[in-house]
Amino acid sequence: MDIFILHAVNNLSASSVGSVVSIALAQWLIWVLLAVVVGLMFKKNGARALLKQLVVGVVLVAIVFGVVNVIKMLVQRDRPFIDQSIELVISAPTTAGSFPSSHAALAVAIVSLLYIFRIHVSKQTIGVLVVLALLVGVGRIMVGVHFPSDVLVGFVVGAIIPFAAKKFL
């Protein structure tokens, strides 16, 4: 099933429009997501609280990134463009290991910061942010650097660590 979904999603990037969309989702959307979340944190709490939240947020995101990279070293799964006949739409990543997806984990961790810091936003806003985080993962599959299972586990890791850390904040 992983291979079937990989090929189906990667084929979406075959056209020139699909290629542009996949690159935007895979490489740029996470930065938009970060800017929106930081903007919401600033809007709700002001500059003083934002500084403290950013420090804690950076530490949490760094922990997520570290855990993902430890898992990558332990699993050592090749990226799909190495052993599957799929189109690599972006430059080959310089980091080894496909499992789990760092981008997917970080996208979910960034959105989780709103929950961690009790930033109250509408359900529609949360829904949009969750969809954007999911699209980061889809983009990573579209460009050919991750299997769907890499992205799924990345989402799980990116959610578990911040939610577990909330107990200590």
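Where does Ile-126 lie? In this predicted model, Ile-126 belongs to helix H5. The residue is partly exposed, because its relative accessible area is 33%, which falls between the limits of 20% for buried and 50% for exposed. Beyond its neighbours within four places in sequence, Ile-126 is in contact with Leu-114 and Val-121. Ile-126 and Leu-114 stand 12 residues apart in sequence. Their C-alpha atoms are 8.9 Å apart in space.

Val-138 is also found in helix H5. With a relative accessibility of 32%, Val-138 counts as partly exposed. Along the sequence, Val-138 and Leu-6 are 132 residues apart. In space, the distance is 9.7 Å from C-alpha to C-alpha.

Helix packing was examined next. Helix H2 covers residues 16–75, and helix H4 covers residues 102–116. The two pack at an angle of about 145°. Their axes are 7 Å apart. The crossing of H2 past H4 is right-handed. Sorted by class, the residues in the contact of H2 with H4 are 21 nonpolar, 4 polar and 1 charged.

H2 also packs against H5. Here the angle is about 145°, and the axes lie 8 Å apart. H2 passes H5 in a left-handed crossing. On the H2 side, the residues making the contact include Gly-18, Ser-22, Leu-25, Leu-33, Val-37 and Leu-40. On the H5 side, they include Thr-125, Leu-129, Leu-132, Val-136, Arg-140 and Met-142. By class, the contact of H2 with H5 has 14 nonpolar, 5 polar and 1 charged residues.

What makes up the largest nonpolar core? This core has 39 residues. Those with the most contacts inside it are Leu-33, Val-37, Met-41, Val-64, Leu-114 and Leu-129. H1, H2, H4, H5 and H6 are the elements that give two or more residues to this core. Setting aside residues up to four places away in sequence, Val-37 touches Ile-110, Val-111, Leu-113, Leu-114 and Leu-129. A second core is separate and has 5 residues. Among them are Val-89, Ile-90, Val-143 and Val-145.

Helix H2 also holds Leu-74. Is this residue buried or exposed? Leu-74 is exposed, because its relative accessible area of 69% is over the 50% limit. Leu-74 and Ser-102 are 28 residues apart along the chain. Their C-alpha atoms are separated by 15 Å.

Most residues other than glycine have a negative phi, and most peptide bonds are trans. Gln-76 has a positive phi of about 50°, although it is not a glycine. Gln-76 is found in the loop between H2 and H3. With a relative accessible area of 62%, Gln-76 is exposed. Arg-118 is not a glycine either, and its phi is positive, at about 55°. Arg-118 sits in the loop between H4 and H5. Arg-118 counts as exposed, at 56% relative accessibility.

Which peptide bond is cis, with omega near -5°? That bond runs from Phe-99 to Pro-100. Pro-100 lies in the loop between H3 and H4.

Notes:
Residues are numbered from 1 along each chain as its sequence is written. This is a predicted model: local features need pLDDT of at least 70, side-chain atom pairs count only at pLDDT 80 or more; totals for chains, interfaces and linings use all residues. Side-chain values use heavy atoms; hydrogens and water are left out. Axes are lines fitted to C-alpha atoms, for helices over the stretch in contact, and angles run from 0 to 180 degrees between N-to-C directions. Helices (H or I, at least four residues) and strands (E, at least two) are DSSP runs, numbered from the N terminus. A crossing is left-handed if the near helix is turned anticlockwise from the far one by less than a right angle, and right-handed if clockwise. Ala, Val, Leu, Ile, Met, Phe, Trp, Tyr, Cys and Pro count as nonpolar, Asp, Glu, Lys and Arg as charged, and the others, Gly among them, as polar. Buried means under 20% relative accessible area, exposed over 50%, partly exposed in between (1.4 Å probe, protein chains only). A nonpolar core is a set of buried Ala, Val, Leu, Ile, Met, Phe, Trp, Tyr and Cys residues joined through side-chain atoms within 4.5 Å. Contact means heavy atoms within 4.5 Å.
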